[in-house]
Amino acid sequence: MRHLLPLAFLLLALTACRALSPLPERDVGTATPPSTPGEDTYAESREQMVRYQIEARGVTDPRTLQAMRAVPRHRFVPPDLVGRAYEDRPLPIGYGQTISQPYIVALMTEALRVEPGDRVLEIGTGSGYQAAVLAAIGCEVYTVEIIPQLAEQAAQRLQELGYERVYVRQGDGYFGWPEHAPYDAIIVTAAPDHLPQPLVQQLAPGGRLVIPIGPQGSYQTLWLFEKGADGQLQATNLGPVLFVPLVRGEQ
Ligand code: SAH
């Protein structure tokens with residue numbers, strides 16, 4: 001744990017949605033696109049991102065890697081940050097929120113073990129990037145965002161980019177989206193301090209739920225919960241992470 005402390009302050013400065021995993025051996029900080037980028041340039045940046053940030057840290061699921069290579073992350077960040085879209089870090093998307101670090105998106109996607117055709121619930125749409133990655137795998141995605149402007153922007157962006165099987169709703173995701181339950185997989189990209197029971201109820205038998213849980217303003221633990229045929233949950237600790245808090249709407 002000793003080496004984590006100085007790193008912790010750096011990570012806090014960089015804001016949320018970041019793992020405390022060791023950096024890959026190669027310095028990925030220099031892999032920014034050149035100043036006159038075309039779509040091909042971004043494809044190369046994505047390839048570098050997948051190799052040196054994601055595969056280098058142990059993500060091997062071919063569907064996840066393929067989706068991370070396919071989704072144009074630069075289309076999900078604010079215009080002034082397009083040139084930094086493939087950096088090894090979360091980026092601000094307005095309203096005090098962030099698009100998660102690419103590695104974290106890949107780690108959580110792999111842990112969900114989704115297949116084409118699976119129905120997936122996401123809590124915390126943000127930019128819509130994680131939803132697009134799941135849609136690129138072939139999932140039908142239901143995603144809930146509490147900030148109205150982000151929900152609207154993400155819905156529009158996903159439509160423009162042609163992700164047809166992503167449904168965005170504005171609301172408090174603590175309660176899930178019961179109308180479309182049960183879900184084969186549920187992913188939560190903001191951190192509550194306990195496991196929300198509505199989400200457990202909306203998970204199908206055999207389903208997977210990936211969620212950061214922990215106190216606000218500190219590290220959380222990323223958990224994988226697997227629901228057995230008998231409804232029992234089995235928990236696996238996927239390591240420490242730093243996410244923005246899951247805020248609560250009107251109750
Ligand atoms: N998955 C996003 C990143 C999420 S950042 C992406 O790919 O870009 C976390 C998001 O969760 C923020 O947009 C925040 O507004 C949202 N959020 C926080 N509390 C929430 C809640 N109770 N219900 C739904 N969304 C919530």
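Ground rules first. Residues are numbered from 1 along each chain as its sequence is written, and side-chain values use heavy atoms, without hydrogens or water. Because the model is predicted, local features need pLDDT of at least 70 and side-chain atom pairs count only at pLDDT 80 or more, while totals for chains, interfaces and linings use all residues.

Start with the ligand. How many residues surround the ligand? The shell has 27, where near means a heavy atom within 4 Å. The closest are Ser127, Glu145, Asp172, Gly173 and Val247.

Now the polar contacts, meaning pairs of N or O atoms within 3.5 Å. Glutamate 122 puts a polar side-chain atom 3.0 Å from a ligand nitrogen. Glycine 124 uses a backbone N or O atom, also 3.0 Å from a nitrogen of the ligand. Threonine 189 has a side-chain N or O atom 3.1 Å from a ligand nitrogen. On its own, the ligand has 580 Å² of accessible area, and the protein covers 99% of that. Those areas are Shrake-Rupley, with a 1.4 Å probe.

Which elements give two or more residues to this shell? Strand 3 (97-99), strand 4 (119-123), helix 5 (129-137) and strand 5 (140-145). Strand 3 gives the most, with three residues. Elements are DSSP runs numbered from the N terminus: helices are H or I, at least four residues, and strands are E, at least two. By class, the shell holds 12 nonpolar, 12 polar and three charged residues. Asp, Glu, Lys and Arg count as charged; Ala, Val, Leu, Ile, Met, Phe, Trp, Tyr, Cys and Pro as nonpolar; the others, Gly among them, as polar.

Next, the pocket. A pocket is an open set of points on a 1 Å grid over the protein atoms alone, where a 1.4 Å probe fits, with protein on both sides within 12 Å along at least five of seven lines; lining residues have an atom within 4 Å of a point. The lining has 31 residues, with Gly124, Gly126, Glu145, Thr189 and Ala190 nearest the centre. Helix 4 (102-112) is one of the elements giving two or more residues to this lining.

Last, the backbone. Most residues other than glycine have a negative phi, and most peptide bonds are trans. Tyrosine 95 has a positive phi of about 60°, in the loop between strand 2 (91-94) and strand 3. The bond from alanine 181 to proline 182 is cis, omega near 5°. Proline 182 is in the loop between strand 6 (166-170) and strand 7 (183-188).

Notes: Polar contact = N/O pair within 3.5 Å; in protein donor to acceptor, adjacent residues only side chain to side chain.
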